[in-house]
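User: Hi! I am new to protein structures and would like to learn how to read one. Could you take me through some features step by step?

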Amino acid sequence: MDLATIVGLVIAFAAVWGAMTIEGTAVTSILLPGPIVIVFLGTIGAGLAGGMLKDALHAVKALPRAFVSKAPRQGATIPTLVRLSDRARREGLLALEDDARGIEDEFLRDGLTAAIDGADPEDLRALLEDRIDTKRRQDRVASGFFNSLGGYAPTIGIIGTVLSLVHVLENLTEPDTLGPLIAAAFVATLWGILSANMIWLPIGSRLKRLSDLECAQMEVTLEGLLALQSGANPRMVSERLRSLVPASEIVEDEAA
């Protein structure tokens, strides 16, 4: 599990808490129900209004991935592809039927099965590229939803501040209460900016990054399957696939 999102959010909120402590401000001064309600419910409502219900549901289902998903290594399938390529070159594609059934990676398993079944190389490429494009579009829905919340939140916060300032103006005859009322009014703006930049936008960015890495891994797998299907030399398959990924993403046990 990659803890970057959890650690990052903890650091961000700790920085806010630390700044408030240094300034001598009580944390409870920003934990006001009114501003929190209008910012969070108002932002989510605006996000729903700007899309479709199924988009929001998909985004909610994808939310845990931002916190618990392990970032895939683009070169993770290279050892398997090289091994399969070596066997296919020696024994033929049909010899890989048992291997295909034991592969956990659904994209690799389905692509290998199609190759074994005799799919035309161009058809196989088109099929796998379509699956990658479909996944990328689907993932973009989730990340886009949270990014849209990040766009709405600051403005919703300003709306909350304006509403609170209206209440302040209604109490001009009570000067002793103006200070606390004005301070409370700006809490909505604080929560709008804070939630956008410390919650919604980071989650959207995290989901997009995960999608990019997963799609990159699928693209490497696609090239490996096409090379395997063509009967390419396993060493050339290895070099070709290694050239597609950063050195830090290469799994070094390809000979296994």
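User: Is isoleucine 11 buried or exposed, and what do those words mean?

Analyst: Buried means under 20% relative accessible area, exposed means over 50%, and partly exposed lies in between (1.4 Å probe, protein chains only). Isoleucine 11 has a relative accessible area of 55%, so this residue is exposed. A word on the source: this is a predicted model, where local features need pLDDT of at least 70 and side-chain atom pairs count only at pLDDT 80 or more, while totals for chains, interfaces and linings use all residues. Residues are numbered from 1 along each chain as its sequence is written, and side-chain values use heavy atoms, leaving out hydrogens and water.

User: Where is isoleucine 11 found?

Analyst: Helices (H or I, at least four residues) are DSSP runs, numbered from the N terminus. Isoleucine 11 belongs to helix α1, residues 4–23.

User: What is a salt bridge, and how many does a search of the whole structure find?

Analyst: A salt bridge is a side-chain nitrogen of Lys or Arg within 4 Å of a carboxyl oxygen of Asp or Glu. The search finds 16 of them. In one, lysine 135 pairs with aspartate 139, with the closest N and O atoms 3.0 Å apart.

User: How far apart are lysine 135 and aspartate 139 along helix α7?

Analyst: Here is the general idea: an α-helix has 3.6 residues a turn, so residues three or four places apart point the same way. Lysine 135 and aspartate 139 are four residues apart in helix α7, which means about one helical turn separates them.

User: Is aspartate 139 buried or exposed, and which residues does it touch?

Analyst: Aspartate 139 is buried, with a relative accessible area of 10%. Contact means heavy atoms within 4.5 Å. Not counting residues up to four places away in sequence, aspartate 139 touches Arg65, Ser211 and Glu214. Its side chain also makes a polar contact with the side chain of serine 211 (2.9 Å). A polar contact is a pair of N or O atoms within 3.5 Å; within protein, one must be able to donate a hydrogen and the other to accept it, and residues adjacent in sequence count only if both atoms are side-chain atoms.

User: What about serine 211 itself: where is it, and is it buried or exposed?

Analyst: Serine 211 sits in helix α8, residues 175–229. At a relative accessible area of 4%, serine 211 is buried.

User: Which residues of helix α9 are buried, and where do they lie around the axis?

Analyst: In α9 (residues 234–242), the buried residues are Pro234, Val237, Ser238 and Leu241. They cover an arc of only 100 degrees around the axis, so they are on the same side of α9. The arc is that of the directions from the helix axis to the C-beta atoms. Arg235 and Met236 are exposed on the other side.

Terms used
Helix = DSSP H or I, 4+ residues; strand = E, 2+ residues; numbered from the N terminus.
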